[in-house]
Amino acid sequence: MTTAMSSSNPFDDSFDTGPVDTSLRVASNPFDDNPVLSNSNVNINPFASTDSAGEDEEITTLDDDLAVPSGAPVEASWQYLGDLPYRKVPIYNHVRWGDDGENNEVLNYGLSAFPKAALQRHPDMLNPNELRELLSSSTITKVVGCPYGGPVAAVTLPIVGQTSWFSQTEIRIMTNAGRQLAKIDFPFPEMMDRGTYSPSDIMEIGFTARTALVIVLKDSLCLTFDLGGDPLLPPFHLLPKTGSDGQGTELIHATVFEGGAAVLSSSKHSAIVEFLDEHDDPTYFSTALSGARKILPDTQLSLEAFGKGDGMPSFCGLVSAFPTAAFASEHFFSYAAIAVLPRTRTASRHPEVFLSTTDNSVVVVNAATAEMKDLDCRSQISSPIVEMTFAPNGRFLACFTESSTLTVISTTFETKVLDFDTSEGSSETPLEMKWCGEDR
């Protein structure tokens, strides 16, 4: 008879707590190459269905071809980005993202919500693989998360603009575990008095640092919601409305940052909205740009009462428009992208708006004074910047150029950290570019 000795060191390979029933042994390391169970009756996935068969079983097979075969070598699960290996490790499968089983008009597939009206064209001809192909070729799903690991929001949009079968969509707010917190039907009736809208009009969606969900439409109309799906402010345009139809200016770029949102129009105009609440100093308005508009909630009785120092409302907006079109005309260039350095990262304690130009430079706008400065970084940037995003600490700016080069540079544009040519992988502009931590 042989007795196994227990080790007191939990990091020792021989560590044991006593006799172990190996028939129920589970790989405790989620990064293990084969995190499987010896006994198939044991299930450590809290999201997995306990049913042996059912409707969900067919849907989950759609991701089977994304998994690495169990007999494949370890290297098969790694991919290289330049000379650095990266690995995507699935922790849980079968997460039911916002699927409460009560909505018969929408088909949930992962984080996508697809209107079943689209399937009525060929109701009996779509197997699961064909359904996935239809989703990937005709729609795109935008997914955003609250800063610091809060809830997520998702909305599925048609790729080709308004269609008769995709005239409505859902904006779903969910916990990280997939439980639905709120559902917002888009467009909602209150928007109809401002024009005709469809899901394809949604240009940007994101959360602020204080968990306000911000949605920017292509005509600069801005919508704000709390985590319960309730409006925080009445809808408002960031840029002045044009024409007799009352529509806003057409946008070419928009971004949501930790303190609000900013937009850039096809006519070279730009604007920013800062969202403030009861935690902010009321005197901040006195230092803002002259002529900035205050956007107040419907419950606010009067602008005059607010301006007399009766305290901050629970939520409000401050919209500042900048004369960037005149500056561009004066210097014979146009703009391509917009990004915002939050006021928590600037010396003036007001946001700074960064606009990339078509002649390979960047213009910085002080949101408090509308002062504009050309950084003249043409010798450091090889082609126009089409996408920009700041590092969380505000020290670095990641820029993706028209020539498919990823450049990381200091916010002052004095030090270039990285130049990486991505053209070998793809020449397309990335759908999204985000920082993971402070330095990557």
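In which order do the 5 strands of the open sheet stand? The order is β13-β14-β15-β17-β16, and the pairing is antiparallel.

## Basis of the model

This is a predicted model: local features need pLDDT of at least 70, side-chain atom pairs count only at pLDDT 80 or more, and totals for chains, interfaces and linings use all residues. Residues are numbered from 1 along each chain as its sequence is written, and side-chain values use heavy atoms, without hydrogens and water.

## The chain overall

The chain has 4 helices and 25 strands. These are DSSP runs, numbered from the N terminus: helices are H or I with at least four residues, strands E with at least two. Of the 440 residues, 42% count as buried (under 20% relative accessible area, 1.4 Å probe, protein chains only).

## The open sheet

Two strands pair if DSSP finds at least two bridges between them. β13 (251-257) and β16 (293-295) stand at the edges. Each has a single partner strand, so one side of each is left without a neighbour in the sheet.

Inside the order, β14 (residues 260-265) and β15 (residues 270-276) pair in the antiparallel sense over 5 bridges. Ala 262 has Ile 272 in β15 as its bridge partner.

## An exposed leucine

Leu 431 lies in the segment after β25 (416-421). Its relative accessibility is 78%, so Leu 431 counts as exposed (the cut-off is over 50%; partly exposed lies between buried and exposed).
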